[in-house]
Amino acid sequence: MENAFGQPQTLIVLGGTSDIARGLTKKLAAARTHTVVLAGRSQSLLDEASQEATTYGAATVDTVVFDANDVTDAGRVVSECFDKVDDTVDLVVVAIGLMGDQFEKEDDATLAGEVATVNFSWPVAALAETRRRLVAQGSGRILVISSVAAVRVRRSLYLYGGAKAGLDRLCQGMADSLEGTGVRLQLVRPGVVRTRMAEGLPKVPFTTDVDEAVENILKGLANGDPVIWSPPILRYVFMILRHVPRSLWRRVMDR
Amino acid sequence: MTRTALSGWGRTSTSYADVLSPNNESEIALTFATSRDVIARGLGRSYGDAALSSGGVVLSNRELSGIGPIGADGVVTVGAGVSLDELLAQSIPRGWFVPVTTGTRQVTMGGAVAADVHGKNHHVDGSIARHVLSLRLVTPSGPVTVSPEIDAELFWATFGAMGLTGVLTSVTLRLTAIETNQVLVDTDRLANLDAVMSAMALGDRDYRYSVAWVDCMSRGKHMGRAILTRGAHATKDDLDASSLSSPKDAKLFVPFDAPSGLLNPLTVRAFNELWFRSAPRHEEREPQSLSTFFHPLDGVRDWNRLYGRRGFLQYQFCVPDRSSETVVAAVDLLSSSKVASFLAVLKRFGPANEGPLSFPLEGWTLALDIPVGPSKLPDILDRLDEFVIEAGGRVYLAKDSRLSPEKFAAMYPRRSEFLAVKERIDPEHQMSSDLARRLDLVGK
């Protein structure tokens, strides 16, 4: 059961090998999280991440391997994670993302479709099963890692940004659907974070490192913000950027 | 499915559960026939998650009412849902006071037993358990009456177990005789923590009631300056005119949530300064009404709203006498980390009782109200836990909302004894609460 500071005791991470997910898992394990289930694509990376979680204090760490291209498998993956916790599930983190090189993918039906599947369709299917299990339980939180790229989609990143935008908007509706169930959904909108996924992205203002992003997420968990921005200033930056005329947006964001 | 939103008094989290208000024991038994994760709830004055059961069933005890006749020896049987306020309204005019009272009258007898509450007289009279003759409770295995003679094990396991041994339906206890509704109070203003602790260690035995309010915001040689108030019930001979009228309802109330930052280090420091200076340096035998002396918190209804939407928590710990320096270390840690504590209350405890989860143990207890907000707070309190464990002390479950199961086990070494009793009366582990799940007290 999570405590008054929103520190969970049990944790499921879908996309548990991403840099942000690993940073968050470490911090949560160091606080109160004793049971962790990490789901990801590669068993060897999962083993590395679970070793890390154990080092930081988790008593039980389990892993589940999945392929985020296979939407029909998402229900099974979530179900297996819940069964492995075998206790009240306090927090489910959805940290699945695929970026890659937009220009390589934008005219390729298979690759473009893959970006949409991994960033949108698979998480949506996984969220459906997560929602069902948590509502039946009557408590718990869902933390979905979206992106500021979802707030206003830009030319050089429209496959990733567009798919995240779909997930982001869908989650806003899902969060409202959870009112009164005891379950909460919180969205995280990080700016550029210095991670493996972001390698090769142009340098932009308000870039943070992983630790800083994790700190902002932890603060959001503690105070229950429905949307957690990292760094927090981006909330206000995007109030403006959202309404910048297109011609200017193109010039500023896609030089 | 309609669930009801509930919180603890500290309002740090919202929990949803099916809420029922059983009228009698068979309705409670029926709930056990069909439900899991069941916990009783009184007036919701426990600060954290003791009376919450997310996704489960919360049984309000408020329909379990009724106050029996008060015997010539002060023995009375009351429904578990009767509040101290309701009981005192009946008993004070007849010359009886509750043997132990919390800082508010708005707690039910069931809740008082479940938390094994203590008052300003613990160093003399012990906690509520010492004054209870028998308990009636509905366990998942059926209704039982327990006392120190009948199933003493379950009787004692119930005190401090925060409702996890079953749903209390009535309590038989012995009241304290009083002649007037006044208390004669001695007040002393003391310059620092050492001064107040030595005054209490030396002088408390001469007073039935004793408590000190400690300023955790002042530093240096004034660290822990305090106002010590001690007293005893006034007899008829003590007063020119005496009466036995019962306490009045609060006139003041907080109509809405204050902004979350209202109680910050600046405002709390200013408040503490005023409070400290308004107290007399030394005053003797000042008559105060029972409610002024015992229930200062009842002067303002819904005062927990002052802490805003984010809520607050209370950290209350006790340590044995040999570890009195832990109290100093705790106040030092809090004042140096500038965590605003609006109210810090220090008092001495007498000997512990037989309850495996009962909180008080002989020595000192310090209680602090702290607004949730500063991101360093979780770590500071985790460090305090370590001080307390090292000192051989523990924190109070009625106030707790953030302890870890490992630290709980270290503080309450008789935990397994308690779990063995719970296993006997609740083999299917139906009694549970958010606190029980957090601290691993449901049973396996």
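Which residue in strand 19 of chain B is the bridge partner of Gln314(B)? I looked this up first, and Asp369(B) is the one.

**Ground rules**

I am working with a predicted model, where local features need pLDDT of at least 70, side-chain atom pairs count only at pLDDT 80 or more, and totals for chains, interfaces and linings use all residues. Residues are numbered from 1 along each chain as its sequence is written, and chains are lettered from A and ligands numbered from 1 in the order in which they are written.

**Entry: strand 17 of chain B**

Helices (H or I, at least four residues) and strands (E, at least two) are DSSP runs, numbered from the N terminus. Strand 17 covers residues 312-320 of chain B, and 8 of its 9 residues are buried. Here a residue counts as buried if 20 or more other C-beta atoms lie within 10 Å of its own, as exposed if 12 or fewer do, and as partly exposed in between, with C-beta atoms placed from the backbone.

Next I checked its neighbours, taking two strands as paired if DSSP finds at least two bridges between them. Strand 19 (residues 363-371) of chain B runs antiparallel to strand 17 of chain B, and 9 bridges join them. Strand 20 (residues 394-395) of chain B is also antiparallel to strand 17, with 2 bridges. In that pairing I found Cys318(B) bridged to Arg394(B).

**Entry: strand 4 of chain B**

I then turned to strand 4 (residues 57-60) of chain B. Val57(B) and Leu59(B) point one way, Val58(B) and Ser60(B) point the other way, and all are buried. Strand 2 (residues 15-20) of chain B runs parallel to strand 4, joined by 3 bridges, and Asp18(B) stands opposite Val57(B). Strand 3 (residues 38-41) of chain B pairs with strand 4 in the parallel sense too, over 4 bridges. There, Arg41(B) stands opposite Ser60(B).

**Entry: an open sheet in chain B**

I traced a sheet of 4 strands in chain B, open and antiparallel, in the order 5-9-7-8. Strand 5 (75-79) and strand 8 (142-146) of chain B are at the edges with a single partner strand each, so one side of each has no neighbour in the sheet. From one strand to the next, the twist averages 10°; axes are lines fitted to C-alpha atoms, for helices over the stretch in contact, and angles run from 0 to 180 degrees between N-to-C directions.

Helix 1 (residues 25-34) of chain B packs on this sheet, touching strand 7 (132-139), strand 8 and strand 9 of chain B, and its direction makes about 45° with that of strand 7. I count two residues as in contact if their C-beta atoms, placed from the backbone, lie within 7 Å. Strand 5 of chain B is joined to strand 9 (residues 167-174) of chain B by 5 antiparallel bridges, and Val75(B) has Arg174(B) as its bridge partner there.

**Entry: helix 12 of chain B**

Which residues of helix 12 (residues 415-425) of chain B are buried? I noted Phe418(B), Val421(B), Lys422(B) and Ile425(B). Seen down the helix axis, they fall within an arc of 100°, so they line one face of helix 12 of chain B; the arc is that of the directions from the helix axis to the C-beta atoms. The face turned away from them carries the exposed residues Ser416(B) and Glu423(B). Strand 7 and helix 5 (152-158) of chain B are included in what covers the buried residues of helix 12.

I counted 9 helices and 7 strands in chain A. Of the 255 residues in chain A, 47% are buried. The C-alpha atoms of chain A fill a box of roughly 55 × 35 × 35 Å along the principal axes.

How many residues of chain A are in contact with chain B? I found 18, in contact with 20 residues of chain B. Helix 7 (residues 210-223) of chain A gives the largest share of this side, 3 residues.

**Entry: Val153(A)**

Last, I looked at Val153(A), in the loop between strand 5 (140-145) and helix 6 (158-177) of chain A. Val153(A) is partly exposed, with 17 other C-beta atoms within 10 Å. Not counting residues up to four places away in sequence, Val153(A) touches Tyr158(A), Gly161(A), Gly162(A) and Ala165(A). Met253(A) is 100 residues from Val153(A) in sequence and 9.9 Å away in space, C-alpha to C-alpha.
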